[in-house]
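Have the sequence and the 3D view ready as you read.

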Amino acid sequence: MSTGNPEGQGISRRKFLGGGAAAATALLLAGCRGGGQGGATGGGGGGGGGVGNFPKTPQYNFVFVNHVTTNPFFTATQYGIQDACAILNCKYQWTGSENSIVSEMVNAMNTAIDGNADGIAVSIVDPKAFNEPILKAYQKGIPVVAYNANGAPGKPNPALAYIGQDLYQSGVEMGKRIAKLVKKGKVALFIATPGQLNIQPRIDGAKAGIKQSGAPIQVSEVATGAQVNDELNRIDAYYQGHKDVNGMFAVDAGSTQSVGQVMKKYGLHKKGVKGGGYDLLPKTLQYIDEGILDFTIDQQPYEQGYWPVMQLYLWRISGGLMSPSTTNTGLKFVTKENVKPYLSTKSRYEGSSKQEKLIKPPSKITPPTT
């Protein structure tokens, strides 16, 4: 289990009130900046101390239980956790499984409960396995929210709220876009781990979206595996055996990058094959800029760490009256038309830089499209 809360990031209420406006502002800014030291080493800034108008509190410890703890997708998520903890003078632990092993995640969650965590955020990647630990946490007064994955669609779980993308609906929108791009023929949908509830709803939604379009498209679902090398080899092998395919799309970050690599290797986009998928891995963005892939989907991983901390904290200081609320972190298609800022801007918010810096917003805002 790795622990967070960069040393020295918080400020005490006493210090905040005792130093005058300028000094207090400087202290607050210093506290807000202190979250970028990474979550691999523990230690906090000590207990007590709220900021702004928040009351004095213990130094809360929030535990994040994740299914792929070393996956680069969650780099931005951990920055979001760190930055929220820096503001609120809390600490966190990042734990779970490196390989989506549910029993390891359940063990991590039980350890957090036995250790009297102040709040737990868990990726619910199994339809039933987390229900009992969540109810066990409630018996000890520990609030639990889901993030990134929220169990099976249509089958409620006991978490107080979910912070993440509407996975099924994002798949539906992906399916509609695939239908517009491909129009007819054969489409392969690649998925790293079939049945895993952070990606299975996407592929189910994509198939529904294609079906709703009425386009004469035949869909094949192809498992690629949890490791990036396996994903690349299996997608390459699929193409070798299906050279009449009209579109290749993926519902997870590693498979999407691998689709791009295979598309580039065989010059498929120039041959009329369409491709795309999910998330913002650097190679994926580069392939979009080069016209090798048609799109990827941004689901805001930073917010999936930031908002759980904020909501668990508010639950704590309000005596449970501020109930966590489900927060959809969105669906944004990244295409050749809007990919440039992702390539030119390195930030904690996309996980491409650990540096804390102010990024100048655009002078004009483009309305969202689907």
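At what angle do helix H4 and helix H5 pack, and how far apart are their axes?

## Two helices that pack

Keep in mind that this is a predicted model. Two packed helices are described by the angle between their axes and the distance between the axes. Helix H4 (residues 102–114) packs with helix H5 (residues 131–139) at an angle of about 5°, and their axes are 10 Å apart. Angles under 35 degrees count as roughly parallel, so H4 and H5 are roughly parallel to each other.

Which residues meet here? From H4 come Val106, Met109, Asn110, Ile113 and Asp114, and from H5 come Pro133, Ile134, Lys136 and Ala137. Sorted by class, this contact has 6 nonpolar, 1 polar and 2 charged residues.

## A closer look at Ala112

Ala112 is part of helix H4. Is Ala112 buried or exposed? Its relative accessibility is 5%, so Ala112 counts as buried. Leaving out residues up to four places away in sequence, Ala112 touches Val63, Ala117 and Ile120. Ile142 is 30 residues from Ala112 in sequence, and their C-alpha atoms are 9.7 Å apart in space.

## The two sides of H8

Helix H8 (residues 228–241) has 14 residues. From first C-alpha to last, H8 reaches 20 Å, close to the 20 Å expected at 1.5 Å a residue.

In H8, the residues Glu231, Ile235, Asp236, Tyr238 and Tyr239 are buried. They cover an arc of only 155° around the axis, so they lie on the same side of H8. Their cover includes strands E7, E8 and E9 and helix H9. On the other side of H8, Asn229, Asn233 and Gly241 are exposed.

Terms used:
Residues are numbered from 1 along each chain as its sequence is written. This is a predicted model: local features need pLDDT of at least 70, side-chain atom pairs count only at pLDDT 80 or more; totals for chains, interfaces and linings use all residues. Side-chain values use heavy atoms; hydrogens and water are left out. Axes are lines fitted to C-alpha atoms, for helices over the stretch in contact, and angles run from 0 to 180 degrees between N-to-C directions. Helices (H or I, at least four residues) and strands (E, at least two) are DSSP runs, numbered from the N terminus. Angles under 35 degrees count as roughly parallel, over 145 as roughly antiparallel, 65 to 115 as roughly perpendicular and the rest as oblique. Contact means heavy atoms within 4.5 Å. Ala, Val, Leu, Ile, Met, Phe, Trp, Tyr, Cys and Pro count as nonpolar, Asp, Glu, Lys and Arg as charged, and the others, Gly among them, as polar. The expected span of a helix is 1.5 Å times one less than its number of residues. Buried means under 20% relative accessible area, exposed over 50%, partly exposed in between (1.4 Å probe, protein chains only). The arc is that of the directions from the helix axis to the C-beta atoms.
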